[in-house]
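The following report describes selected features of the structure shown below, arranged by topic.

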Amino acid sequence: QVQLVESGGGLVQPGGSLRLSCVASGILLPAYSISWYRQASGKQRELVADISSRGDTKYADSVAGRFIISRDNAKNTVFLQMSSLNADDTAVYYCRVESTFRGYWGQGTQVTVTS
């Protein structure tokens with residue numbers, strides 16, 4: 001069974017950094033593009049970053065220059081390095097992979113930016 005497990009969220013001060021991880025089982029991530037989404041309270045879930053099977057990356061305008069998505073194929077893991085965090089980054093962060101037949105979500109990890 002495919003499982004995606006996010007970790008690394010927590011409380012952080014404005015201007016701080018966090019590194020999120022998403023570890024996959026039951027699916028080989030090197031074959032797929034992987035995305036990070038986030039959903040703030042009362043808002044729609046939005047795409048944050050994407051990394052292709054070839055390592056090409058894309059970012060939402062709101063995080064470009066502050067976030068970096070990367071992958072470690074040997075560990076079947078994708079990362080989201082977040083820096084210069086502000087209150088607008090507070091959200092539950094989810095990783096996402098889409099196979100040929102269906103997509104999968106992780107359970108999410110909460111990121112809260114507060115002083």
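Predicted model: local features only at pLDDT ≥ 70, side-chain atom pairs only at ≥ 80, totals over all residues.

Four strands form an open sheet in the order 1-3-8-7, with antiparallel pairing. Its edges are strand 1 (3-7) and strand 7 (67-72). Each of these has a single partner strand, so one side of each is left without a neighbour in the sheet. On average, and with direction ignored, neighbouring strands of this sheet are turned by 15 degrees against each other.

Arg71 stands opposite Val78 in strand 8. In general terms, strands of a sheet pair through backbone hydrogen bonds, either parallel or antiparallel.

## The disulfide

A search of the whole structure finds one disulfide. The bond joins Cys22 to Cys95, with an S to S distance of 2.0 Å. Cys22 lies in strand 3 (residues 18-25) and Cys95 in strand 9 (residues 91-98), so the pair ties together parts that are 73 residues apart in sequence.

Are the two cysteines, Cys22 and Cys95, buried or exposed? Both Cys22 and Cys95 are buried. The torsion about the S-S bond of Cys22 and Cys95 is about 55 degrees, and the disulfide is therefore right-handed.

## Aromatic pairs

The count of aromatic pairs comes to two. One of them consists of Tyr37 and Trp105, which are edge-to-face, at 5.0 Å centre to centre and with 70 degrees between the planes. This pair links distant parts of the chain, as Tyr37 is in strand 4 and Trp105 in strand 10 (residues 103-105), 68 residues apart.

Tyr94 and Trp105 form an aromatic pair that is also edge-to-face, with a distance of 6.1 Å centre to centre and 80 degrees between the planes. Tyr94 lies in strand 9 and Trp105 in strand 10, so this pair ties together parts that are eleven residues apart in sequence. Tyr37, Tyr94 and Trp105 form one aromatic cluster.

## Arginines over rings

Which ring does the charged end of Arg45 sit over? The charged end of Arg45 is placed over the ring of Trp105, 4.5 Å from its centre. Arg19 lies over the face of Phe79, at 3.9 Å from the ring centre.

Arg96 is found in strand 9. With a relative accessible area of 15%, Arg96 is buried, because residues under 20% are counted in that class.

When neighbours within four places in sequence are left aside, Arg96 is in contact with Leu4, Ser33, Ile34, Ser35, Tyr37, Gly103, Tyr104 and Trp105. Two of these, Tyr37 and Trp105, also belong to the aromatic cluster.

Ile27 is located in the loop between strand 3 and strand 4. At 11% relative accessibility, Ile27 counts as buried.

Ile27 and Gln3 are 24 residues apart in sequence, and their C-alpha atoms are 8.0 Å apart in space. Which residues are in contact with Ile27, leaving aside its neighbours within four places in sequence? The contacts of Ile27 on this basis are Val2, Tyr32, Asn76, Val97 and Tyr104.

Note on methods. Residues numbered from 1 in each chain as written. Heavy atoms only, no water. Disulfide = S-S within 2.5 Å. Helix = DSSP H or I, 4+ residues; strand = E, 2+ residues; numbered from the N terminus. Buried < 20%, exposed > 50% of the residue type's maximum accessible area, 1.4 Å probe, protein only. Pairing = 2+ DSSP bridges. Axes fitted to C-alpha atoms, helices over the stretch in contact; angles between N-to-C directions. Phe/Tyr/Trp six-rings, centres within 6.5 Å; stacked < 30°, edge-to-face > 60°. Lys NZ or Arg CZ within 6 Å of the ring centre and 35° of its normal. Contact = heavy atoms within 4.5 Å.
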